[in-house]
Amino acid sequence: MEEVIAIAIGVLAASGVWLILRPRTFQVIMGLCLLSYGVNLFIFSMGSLFIGKEPIIKDGVPQDLLHYTDPLPQALVLTAIVISFAMTALFLVVLLASRGLTGTDHVDGREPKE
Amino acid sequence: MSWMQHLIIAPILLPLLTASLMLLLGERHRPLKARINLISSLLGLGISVLLLLWVQAQGQASSIGVYLPGNWPAPFGIVLVVDRLAALMLVLTGIIGVSALLFAMARWDRAGASFHALFQIQLMGLYGAFLTADLFNLFVFFEVLLAASYGLILHGSGRARVSAGLHYIAINLLASSLFLIGAAMIYGVTGTLNMADLAVKIPLVAEADRGLLHAGAAILATAFLAKAGMWPLNFWLVPAYSSASAPVAAMFAIMTKVGIYTVLRLWTLLFSDQAGASALFGGDWLIYGGLLTIACAALSILKAQRLERMASLSILVSAGILLAAIGFGQAALTAGALFYLVSSTLALCALFLLAELIERSRSANELALDDDVDSLPPPLESLHPPKGINLDDDLKAVVGQVIPWTMAFLGLSFIACTLLIVGMPPLSGFIGKLSLISALFNPQGLGVAPAQPLPLAGWILLVLLILSGLASLIAMVRVGIQRFWTPQERPSPLLHNYECVPIIALIGLCVLLTLRAEPLLRYTADTAASLGDPQQYVMSVLGTRPVPNPPALHAGAQVQP
């Protein structure tokens, strides 16, 4: 499972970085989205990966670290998801404003000279 | 004592409540919102000053106020901490906030929607970032202050502003991703995000994991240094700051200092000289990065023509000086750097405000410059209403508010700002730079021979300190001659009272710092000493017990089934 998660994070981050370096604003915003997905998965996997374990104490399960997964990264990733979602929405608004004011979707606000 | 402890959370709650109140008021009632904003900002400044006095009065042993908002003990719950460094930054934020707001109340708050609410949220993020003692809350407060700054940087709209804002937002979103990766890696290695707990855990990290820890810290530092404006991560800063509206740019004078504050705070806690194998990790990066920042910014300042651009580059120069001085990890140098930080932040804030007023008279004459930004719209109203008439909020003519000695005022303030930023006597910029140079040569204090000769980096810093001052001097004098001494028929700009008061106040504070430099120098020396000894911080934070439940309530709760 670790390999799959690691490859997924790697592919997301690599595609994200490539897209951020592209000249069109829409590509940049997609890149930022993919990168934030990669980061969220990364935070999540930092609590070490288990299948079928509770993050909070449950009746009938022995109360030791072997039977539970770390709840903190899950709480952190929730905050990170909300914040990155809000920031992406805000970026989208600025992107549209820039498109409206400059008439181009180039990140510099003007087409490069031929 | 106990109510004082509750005051620690007030700088965060007050702006939050004010901002919500303003959102409820909606788009109307602007004069009312401006007044509420001003009262709230002044209250915030008052609370910060109280906290500073309280921290100072506590004396050396327990000079740290700890507040547990969730009433959970330290490594498990959220902690707010006010120590000398945090209190100093709080007061500085309060002063900058009030000045920028007063300036904005003259014209700029009319140039776009929700200025006052965004302004308060920005203040909340700043106060929170200085108070929090937890890596993840630091992230949250960073996002709060960034979210508000995204709105504020676009305030006034216009092509150049939106373009620069787009870059600013993209860079900061990227930096936030790096912040999260770094924080997650540090959590993965140490199992904690509390700064005090991290300081305890880092010397105990297994040798196999130390590489991972250092990689995490380096990624985290990249995010902070991009915010602090270290070369080569600072290419976004000059276009963004110089195209922002004047009060917003003045507010942003403290934003790079947030990055520097977090670097100083985390580096002295996590990688102090007591941190075992990780002691002083990355110090050389800070020193040489800072030196390169000074060199690049000082070279670019020679070419700058617009005053806003020069002010942004001066921010980079001061950021470079601070980072390099912090990187040496010597108490005396850090103390000098903190004094310089206070003086340069006040001066840069004043310069940003002044720049708009000076450029206002130039742009009225339509003298184009090489690096002029093509389309920065001025505030909505006409800048040159008919002579003798000044319109207030209700669009009624107010007679007698026009200041006749505008050019004299602008010229004198410009000279004062130049002296402060260049670091020439007699103002406080000189004292800041002098204390840095003196600390370079006498790390143990005057009269005690230093244990080892000044290293090469120290000599480079000394040379760059003087050369960057010279570069700023050349650039500012050239601009001053062009703007003030060139004989041209130009209308002298009309200034609002609100626009003059903050500039006078900021320069007045710098004069006060010059006359009364000793108390602040003593304070920064104490701050640097306590930063050099993280044990105190760790013990205060981890030793704070939650408030026990009141016995009566406890008994009552037991009765219920």
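Predicted model: local features only at pLDDT ≥ 70, side-chain atom pairs only at ≥ 80, totals over all residues.
**View 1. Pro426(B) sits in the loop between helix H16 (406–422) and helix H17 (428–441) of chain B.** Here the peptide bond from Pro425(B) to Pro426(B) is cis, with omega near 10°. Residues are numbered from 1 along each chain as its sequence is written, while chains are lettered from A and ligands numbered from 1 in the order in which they are written.

**View 2. A cis peptide bond joins Trp231(B) to Pro232(B).** Its omega is about 5°. Pro232(B) belongs to the loop between helix H9 (210–228) and helix H10 (237–243) of chain B. For context, most peptide bonds are trans.

**View 3. Asn71(B) has a positive phi of about 60°, although it is not a glycine.** You will find Asn71(B) in the loop between strand E1 (65–67) and strand E2 (80–82) of chain B. Asn71(B) counts as exposed because it has 11 C-beta neighbours inside 10 Å (exposed means 12 or fewer other C-beta atoms within 10 Å, with C-beta atoms placed from the backbone).

**View 4. Helix H4 (residues 84–106) of chain B packs with helix H19 (residues 497–515) of chain B at about 155°.** Their axes are 7 Å apart; axes are lines fitted to C-alpha atoms over the stretch in contact, and angles run from 0 to 180 degrees between N-to-C directions. That makes H4(B) roughly antiparallel to H19(B) (an angle over 145 degrees). Among the contact residues are Ile95(B) and Phe103(B) of H4(B), and Val501(B) and Leu509(B) of H19(B) (contact means C-beta atoms, placed from the backbone, within 7 Å).

**View 5. Helix H5 (residues 115–131) of chain B and H6(B) pack at an angle of about 155°.** Their axes lie 8 Å apart, and the two helices are therefore roughly antiparallel to each other. The contact includes Leu118(B) and Gly125(B) of H5(B), together with Phe141(B) and Ala148(B) of H6(B).

**View 6. Chain B meets chain A through a contact that takes 21 residues from chain B and 26 residues from chain A.** On the chain B side, helix H6 (135–153) and helix H7 (159–190) are the elements that give two or more residues. The largest share, 15 residues, comes from H7(B).

Definitions and conventions:
Helix = DSSP H or I, 4+ residues; strand = E, 2+ residues; numbered from the N terminus. Parallel < 35°, antiparallel > 145°, perpendicular 65-115°, else oblique. Contact = placed C-beta atoms within 7 Å. Buried ≥ 20, exposed ≤ 12 C-beta atoms within 10 Å, placed from the backbone.
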